[in-house]
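Here is a short briefing for a first look at this structure. Start with the sequence and the model below.

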Amino acid sequence: MAAKAMGYKVMVFDTVKDGPASSCADLTIVAPFDDTDALGRFAMTIDVATVEFENIPVEALEFLEERVPVHPASSVVRICQDRVLEKEFLRDHGFPVAPFRVVTSAAELAVALDELAAPSILKTAVLGYDGKGQISISQGDDAEVVWAMLGAPRAVLEKRMSFDSEASVICARSVNGETACFPVQANVHRNGILDTTVAPASLPPEVCERARAAATGIAEKLGVIGLITVELFVLADGSLVVNELAPRPHNSGHHTLETAMTSQFAQHVRAVCGLPLGPVDLRSPGVMVNLLGDLWRGGEPDWAVMLREPGCFLHLYGKEEAKPGRKMGHATLLGTAPEAVNKALQLRERVIR
Ligand code: ATP
Ligand code: MG
């Protein structure tokens, strides 16, 4: 939608018919990611390719890369789609991460649990999102049982960090290496799923400066073109731990549609199309609340509650079925914390039938 607004024609490559992006694209190819005929036709039609999520087979991106610029590059997507590679990349480049061990069997898990000797979280290496593919482990839990429960061949065991708060920074890096970070935003997760984002985060300016420096450093070390979102834990002493990376627009940046001089989506398009990056200043502080399928428990929610509220912007994604924990939409309310947060949470309660 951001690319269309800038006058570009958009072609979507998707593996399923009627995927969300197709509804606003000029052209769509529906084919599996290993269909090189289809990928070839795609490459012949477009000037530049980008990705909307990171779980695309790297081989498909490599195939495209031989024919057309792909931003972010397959090398970036490869790292960001695999927790093991991501953690190792961060650690090897000196960015702070939670103590972790790579685990590929119950026996390795047992050793890793002994070594970390702390409450920890086991996360699948690939295809986890919204807290899926994660198991929280407490002292005394049985490695065999936990490993069987995870049901994945590779995983990362991570120390459970006791943080003061969570934050994220979205950094854009353009074709010519220009970088720009949006203001740091504060995130609250519930059940491993992002619940609310407050922008800007009310953290000390010095902490924000370090967060933005880390995000810029990660963007440069990765050589990403496009956006990189860096999720962070803020510890009690103000130090930062990088949780994970996403090489794309991020849920915690959806508020930029209304709060920022440039939305994260427009910024992504600018970055991958070789345009100057846009200003990242906020026009207004704001709060984003996610709208999960749980809100549908009494039927279609009463959206009029939000639509009547000045400064409230409702976004629904048009997903067919509302399931608990499924992200169905979000709402952004302009205003400052804590008042705007309370108001947004109240509005979200009141839409339930
Ligand atoms: P998404 O991709 O949707 O952001 P995910 O499923 O990849 O989520 P993570 O970001 O790894 O999962 O974790 C989700 C949330 O779980 C974190 O934002 C944090 O609240 C909590 N969490 C994850 N790892 C840790 C940790 N090591 N210590 C403490 N809390 C953690
Ligand atoms: Mg996360």
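## Packing around a helix

The buried residues of α3 pack against α2 (36–45) and α4 (74–80). Those buried residues are V58, A60, L61, F63 and L64, in a helix that spans residues 58–65. Buried means under 20% relative accessible area, exposed over 50%, and partly exposed in between (1.4 Å probe, protein chains only). Contact means heavy atoms within 4.5 Å. Helices (H or I, at least four residues) and strands (E, at least two) are DSSP runs, numbered from the N terminus.

This is a predicted model, in which local features need pLDDT of at least 70 and side-chain atom pairs count only at pLDDT 80 or more, while totals for chains, interfaces and linings use all residues. Residues are numbered from 1 along each chain as its sequence is written, chains are lettered from A and ligands numbered from 1 in the order in which they are written, and side-chain values use heavy atoms, with hydrogens and water left out.

**Ligand 1**

- The shell around ligand 1 has 19 residues, of which K123, G131, E158, E166 and E244 come nearest. A residue is near if one of its heavy atoms lies within 4 Å of the molecule.
- By class, the shell holds nine charged, five polar and five nonpolar residues. Ala, Val, Leu, Ile, Met, Phe, Trp, Tyr, Cys and Pro count as nonpolar, Asp, Glu, Lys and Arg as charged, and the others, Gly among them, as polar.
- Strands β4 (120–124), β6 (155–159), β11 (226–234) and β12 (240–246) each supply at least two residues of this shell.
- A polar side-chain atom of E166 lies 2.6 Å from an oxygen atom of ligand 1.
- A backbone N or O atom of D130 lies 2.8 Å from an oxygen atom of the ligand 1 molecule.
- For E231, a polar side-chain atom lies 3.0 Å from an oxygen atom of ligand 1.
- Taken alone, ligand 1 exposes 610 Å², and the protein buries 90% of that. Accessible areas come from the Shrake-Rupley method with a 1.4 Å probe; for residues, only the protein chains shown count as cover.

**Magnesium ion**

- E231 (OE) and E244 (OE) coordinate the magnesium ion (ligand 2), at 2.0 to 2.1 Å. Donors are N, O and S atoms within 2.8 Å of the metal (3.2 Å for Na, K and Ca); water is not among the atoms, so sites may look incomplete.
- E231 sits in strand β11 and E244 in strand β12, 13 residues apart, so the pair links distant parts of the chain.
- E231 counts as buried, at 12% relative accessibility.
- E244 is partly exposed, with a relative accessible area of 21%.

**N243**

- N243 lies in strand β12. It counts as buried because its relative accessibility is 8%.
- Its side chain makes a polar contact with the side chain of K123 (3.3 Å). Such a contact is a pair of N or O atoms within 3.5 Å; within protein, one must be able to donate a hydrogen and the other to accept it, and residues adjacent in sequence count only if both atoms are side-chain atoms.
- Leaving out residues up to four places away in sequence, N243 touches E86, K87, K123, E158, E231, L232 and F233.

**Helix α5**

- In α5 (residues 83–92), the buried residues are R83, V84, E86, K87, F89 and L90.
- At the start of α5, a side-chain oxygen of D82 reaches to within 2.8 Å of the backbone nitrogen of V84.
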